[in-house]
Amino acid sequence: MSAGSGTVWWGEGTDEAGSRGRSPHLMTAMQLGLQSCEACGLPSRPAPGAHEGRCPRCDEELHFRKPASLQRTLAYLIAAAICYIPANVLPVMTTITAKGRESDTIMQGVVLLWSPHGWPLSLIVLFASIMIPSAKIAALGYLLYTVRRGSIQNNAQRIRMYRIVEAIGRWSMVDVFVDTFTVALIQLQPLMSVEPAPGLLFFAAVVVLTMLAVESFDPRLIWDAASSKEVQHA
């Protein structure tokens, strides 16, 4: 038995009826009545008569699965997808010079940054501000769809996808940081100044909402369908 991983592997051995098992199968921690703490990782069993409890090591509230995980993730994801449109259509920065005001969207900023010496920064903004947010929304949508339909295919790959989305999510803020630093540094009034535009707020909302969606999603749900079928056929 492996308590640290939250699963138990049953091989050939004597079962409760005294017979020798032939077909090994996996049982999840939830099927064994164990709860894994999200803060410290300690698996524990709630007190008798209690459905859920608190971690005996760090006193974190325990749940077999995150409450309303799919519903909250879907809500955050829909909100992020809605905000993603104005984030790319509306200008994110306005430059004020003696010639007048000029506003630029994210894509226009990518084009303006493209030069023999500035192309690395242009690519960073392109990936961090356009490709990564859209990829996160698509990846989370795929995970939600497969979990809802009870898919048992490619579980390891889906877990890997979730971990990648979780790891790179915060780097989408790089465009917000670049615009903020630009606004703070380029203030040469009355000759030139830079102001944030409405698109920047929508883009920041996309980043925050996708991060909340990742945190709301419970990756253990990916394995539930496969574990249930393994137990049924055991």
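Asp104 is buried, with a relative accessible area of 14%, where buried stands for under 20% relative accessible area, exposed for over 50% and partly exposed for values in between (1.4 Å probe, protein chains only). The model is predicted, and local features need pLDDT of at least 70, side-chain atom pairs count only at pLDDT 80 or more, and totals for chains, interfaces and linings use all residues. Residues are numbered from 1 along each chain as its sequence is written, and side-chain values use heavy atoms, with hydrogens and water left out.

Asp104 belongs to strand β6 (residues 100-104); helices (H or I, at least four residues) and strands (E, at least two) are DSSP runs, numbered from the N terminus. Leaving aside residues up to four places away in sequence, Asp104 touches Pro91, Val92, Met93 and Leu112, a contact being heavy atoms within 4.5 Å.

One aromatic pair is present in the structure. The ring centres of Tyr162 and Phe217 lie 5.5 Å apart and the planes meet at 45°, so the pair is tilted; rings of Phe, Tyr and Trp (its six-membered ring) pair if their centres lie within 6.5 Å, with planes under 30 degrees apart counted as stacked, over 60 as edge-to-face and the rest as tilted. This pair links distant parts of the chain, 55 residues apart, with Tyr162 in helix α4 (residues 155-168) and Phe217 in the loop between α6 (198-216) and α7 (221-232). Tyr162 and Phe217 are both buried.

Positive phi values occur at two non-glycine residues, Ala68 and Asn154.
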